Amino acid sequence: MRIVKILSVLAVLLVIGTVAAGAAGQVLLNAAGATFPYPIYSKWFDQYHQAHSNVQINYQSIGSGGGIRQLLDKTVDFGASDGPMTDEQLKQASVPILHFPTVLGAAIPTYNVPGVQGDLNFTPEALAGIFLGKVSKWNDPAITSANPGVKLPNDDIVVVHRSDGSGTTYIWTDYLSKVSPEWKQKAGMATSVNWPVGLGGKGNEGVSALIQQTPGSLGYIELIYAVQNHLPYGKVKNSSGVFVKADLASVSAAAAAAAKFIPDDFRVSITNPEGKAAYPISSFTWLLIPSKFSDTAKRDVVKDFLKWMLTDGQNDCEALAYAKLPKEVVVKETKAIDKIQ
């Protein structure tokens with residue numbers, strides 16, 4: 001009888017030990033930031049969890065500004081942004097922050113113009129003028145001259161922009177600052193700016209919804225949100241004078257020249273690049289990873305996830321309208337993973 005009791009106690013202890021060991025093997029990572037890459041991050045984190053059942057990565061799509069803020073406040077394990085952190089932001093971090101490009105995307109001008117079907121052409125001057133409030137009618141010559149044969153109404157343009165700190169805003173204003181000295185002086189380039197005109201929507205989702213609901217509106221969103229919501233979006237005249245529509249090929253063309261000259265910290269702008277085939281409002285988007293982790297289990301998962309993202313994960317890009325990373329960038333990033341301690 002005593003032997004049976006001893007065996008029962010041992011069995012209970014074994015179960016408890018097994019459960020404890022299982023619990024100890026669980027790794028939970030919290031992250032937050034850009035809405036621009038949220039569709040693919042959501043898929044990646046789910047796929048990685050399916051392959052590693054003990055790992056859960058929770059991602060809040062709150063905008064690049066929020067992701068950077070939470071990273072600096074240490075309320076998340078890593079962040080995500082469509083605009084690289086500034087030197088000043090990096091100085092605020094308790095440990096060096098590493099930038100890892102994940103995919104390439106595009107910020108596109110999308111619109112809701114009753115009676116107008118198909119693609120509209122936009123020059124850099126027209127886009128800057130619209131967001132400065134100087135081009136305020138759909139039939140303004142700045143727009144009609146680039147769209148011969150298209151009957152545009154004498155309706156007001158309702159500008160829609162992001163209300164939150166946003167990497168998509170960073171990309172958009174980075175581009176406008178390069179093509180318009182007036183924009184650079186009056187509003188500048190940042191994840192959040194003082195908009196001369198317009199309505200604000202939260203996230204790419206919020207801007208998409210506002211444009212769908214507002215006749216005469218024009219705003220900027222990430223390409224996948226236009227595709228998913230069946231929103232029309234325009235061609236933009238690039239630095240070679242060609243009107244180019246955002247797609248996988250034109251975004252990849254924008255990255256091609258930059259790939260060979262990307263800096264060691266991966267903080268680079270590729271808007272308004274050279275090349276006839278390049279879409280001019282393209283960008284990398286980054287994961288922001290602390291260079292040191294006190295929790296070695298979290299560190300090891302982050303490093304393994306990055307390696308997976310740079311290899312198998314890239315196969316998911318094109319189905320979600322993102323362009324894959326150039327091979328030169330992948331090679332460089334793979335080496336940079338060793339910097340995470």
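In the protein chain of this predicted model, residues 24 or more positions apart account for 75% of the contacts with a separation of 6 or more, where contact means heavy atoms within 4.5 Å. Of the 341 residues, 51% count as buried, a word that stands for under 20% relative accessible area, with exposed meaning over 50% and partly exposed in between (1.4 Å probe, protein chains only). The chain holds 13 helices and 11 strands, which are DSSP runs numbered from the N terminus (helices H or I, at least four residues; strands E, at least two).

Because this is a predicted model, local features need pLDDT of at least 70 and side-chain atom pairs count only at pLDDT 80 or more, while totals for chains, interfaces and linings use all residues. Residues are numbered from 1 along each chain as its sequence is written, and side-chain values use heavy atoms, with hydrogens and water left out.

**Overall form and core**

- Taken along the principal axes, the C-alpha atoms of the protein chain fill a box of roughly 95 × 40 × 35 Å.
- The largest nonpolar core has 103 residues, a nonpolar core being a set of buried Ala, Val, Leu, Ile, Met, Phe, Trp, Tyr and Cys residues joined through side-chain atoms within 4.5 Å.
- Strand β4 (residues 97-112) gives the most to this core, with nine residues, and the residues with the most contacts inside the core are F131 and W138.
- Leaving aside residues up to four places away in sequence, F131 touches a set of residues that includes V159, W172, W183, W195 and Y220.
- In soluble globular proteins, nonpolar side chains tend to be buried together.

**Helix α11**

- The end C-alpha atoms of helix α11 (residues 248-259) are 16 Å apart, which agrees with the 16 Å that its 12 residues should span at 1.5 Å a residue, the expected span being 1.5 Å times one less than the number of residues.
- The buried residues of α11 are S250, V251, A254, A255, A258 and A259, and they pack against β4, β10 (243-244), β11 and α13 (327-336).

- On a 1 Å grid over the protein atoms alone, a cavity is a set of points where a 1.4 Å probe fits but cannot get out, a pocket is an open set with protein on both sides within 12 Å along at least five of seven lines, and lining residues have an atom within 4 Å of a point.
- Grid points are joined across faces, edges and corners, and a volume is the space filled by probe spheres set on the points.
- There are two cavities of 30 Å³ or more, and the largest holds about 50 Å³ of space, with Y170, D174 and W286 among its lining residues.
- The second largest cavity holds about 30 Å³ and is lined by L29, I57, F78, L287, I289, V302, F305 and L306, of which three, the largest share, come from α12.
- The largest pocket has a volume of about 320 Å³, and of the 16 residues that line this pocket, the closest to its centre are K74, V76, D77, P290 and K292.

**Residue Q56**

- Q56 lies in strand β2 (residues 55-61) and is partly exposed, with a relative accessible area of 33%.
- Residues up to four places away in sequence not being counted, Q56 touches V27, L28, L29 and H49.
- Q56 and V301 are 245 residues apart in sequence and 10.0 Å apart in space, C-alpha to C-alpha.
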